[in-house]
Amino acid sequence: MNPVMDQSYNDKRAAFIAAVPKAELHLHIEGSLEPEMMFALARRNGVELPYDSVEAVSAAYQFANLQEFLDLYYLGMQVLVEEEDFYDLTMAYLERVRRDNVRHVEIFFDPQGHTERGIPFDRVMQGIQRALDEGRDRLGISYKLIMCFLRHLSEESAFATLADAEPWLTKIDGVGLDSGEVGNPPEEFARVFEKCRDLGLKLVAHAGEEGPPDYVWQALDTLKIDRIDHGNRALEDAALVERIVADGYTLTVCPLSNLKLCVIDDIGESPVKTMLDQGIKVTVNSDDPSYFGGYINDNYHAVANALDLTIEEIAALAANSFTGSFLGADEIAKGQAEIDLLMRRTAEPE
Ligand code: ADE
Ligand code: ZN
């Protein structure tokens, strides 16, 4: 019998997803702003929202493409004003994902989404940083912080953001590239990424979410990134897949995000299994969980059910989340050992 047709196997797999230690490598902290918190912060800061209720916010989250989402994402983040707001936002995310057995996070933040409306860079950093340190000490979640450049803004604005970040560089582990992809190719940010590389920062970029395979090539060859965010459309180019496999790049795929933003029409079209089968180091992530209807384990469950993933495949996804992280070798080995232990326990007869 196909084991995945077996209800007891499905139950075992669900329990495995819940229990397996994992890292989240693709999470925009501003995208974890839940409607309830949006309303509370709007009230606290006297910010007007174009919604009457929490329910109206959730109802507005219907997107035909990335830009429709981004419009509401930038609107929502306007309630983030004080250091405490950034702290509360980050702490709420960490407390939520601790329940999903997340042991390590590599969090994106979008400083230009705040500095462009007059919020000082230092205030954003202080709030996020304080929560991350507390989450590490109190919840046992390690972290890396990745500052993203908004690609719809200019290279000059990216350089100005890097200048703001310079006093904080001991606390920032990497830089990324996000926002509207099509029409804003990676190569436009070659010089700022080169400077970041010289500063010793890790480099990632959203590529191949809506944009063509050529943008993924540019991210690899021009920006010289260490990891690819999304990368769905890389599958359209066999030579690109060969390159990704040969050089061992990790892809941070976000299944529920892909569905909500119409990158795919059905969760069964998620590329996660195809990527695993092709030898790509794919990981599962939530992207903007408050906007896309699920945190990391919801994403694991969604693809496991839709693609009939085996427990071994789930374990591979979790293992990829550690090997693809910017953690040191000892911490990666620790994560892998815990996954292996859980695999052995799961294989034992009840
Ligand atoms: N910013 C937040 N979420 C994003 C996504 N999925 N793609 C590009 N930019 C983003
Ligand atoms: Zn993203």
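**Questions on a zinc site, a ligand and some residues**

Student: In this predicted model, is aspartate 100 buried or exposed?

Tutor: The relative accessible area of aspartate 100 is 6%. A residue under 20% counts as buried, and one over 50% as exposed. At 6%, aspartate 100 is therefore buried.

Student: Where does aspartate 100 sit, and the backbone nitrogen of which residue lies 3.2 Å from a polar atom of its side chain?

Tutor: Aspartate 100 is placed in the loop between α5 (83–98) and β2 (102–109). A polar atom of its side chain lies 3.2 Å from a backbone nitrogen, and that nitrogen belongs to asparagine 297.

Student: Which residues are the protein donors of the zinc ion (ligand 2)?

Tutor: The donor atoms lie 2.0 to 2.2 Å from the zinc ion. In sequence the donor residues follow the spacing H-x1-H-x177-H-x80-D. Two of them come from distant parts of the chain: histidine 26 is in strand β1 (residues 22–28) and histidine 206 is in strand β5 (residues 202–207), 180 residues apart. The donors are His26 (NE2), His28 (NE2), His206 (NE2) and Asp287 (OD).

Student: What is the arrangement of the four donor atoms around the zinc ion (ligand 2)?

Tutor: Four donors count as tetrahedral if all angles lie between 85 and 135 degrees. Around this zinc ion the angles are 84 to 174°, which makes the arrangement irregular.

Student: What are the relative accessible areas of histidine 26 and histidine 206?

Tutor: Histidine 206 counts as buried because its relative accessibility is 4%. Histidine 26 is also buried, and its relative accessible area is 0%.

Student: What is phi of histidine 230 near?

Tutor: Most residues other than glycine have a negative phi. Histidine 230 lies in strand β6 (residues 227–230) and is buried, with a relative accessible area of 0%. Its phi is positive, near 75°.

Student: And what is phi of aspartate 308 near?

Tutor: Aspartate 308 lies in the loop between α15 (296–307) and α16. With a relative accessible area of 35%, aspartate 308 is partly exposed. Its phi is also positive in a residue other than glycine, near 50°.

Student: Which residue has a C-alpha atom 8.9 Å from that of aspartate 214?

Tutor: Aspartate 214 is in helix α10 (residues 213–221). Its relative accessible area is 42%, so it is partly exposed. The residue with its C-alpha atom 8.9 Å away is 29 residues apart along the chain: proline 185.

Notes: Residues are numbered from 1 along each chain as its sequence is written. Chains are lettered from A and ligands numbered from 1 in the order in which they are written. This is a predicted model: local features need pLDDT of at least 70, side-chain atom pairs count only at pLDDT 80 or more; totals for chains, interfaces and linings use all residues. Side-chain values use heavy atoms; hydrogens and water are left out. Donors are N, O and S atoms within 2.8 Å of the metal (3.2 Å for Na, K and Ca); water is not among the atoms, so sites may look incomplete. Four donors count as tetrahedral if all angles lie between 85 and 135 degrees; four count as square planar and six as octahedral if opposite donors are over 155 degrees apart and all others between 65 and 115; anything else is irregular. Helices (H or I, at least four residues) and strands (E, at least two) are DSSP runs, numbered from the N terminus. Buried means under 20% relative accessible area, exposed over 50%, partly exposed in between (1.4 Å probe, protein chains only). A polar contact is a pair of N or O atoms within 3.5 Å; within protein, one must be able to donate a hydrogen and the other to accept it, and residues adjacent in sequence count only if both atoms are side-chain atoms.
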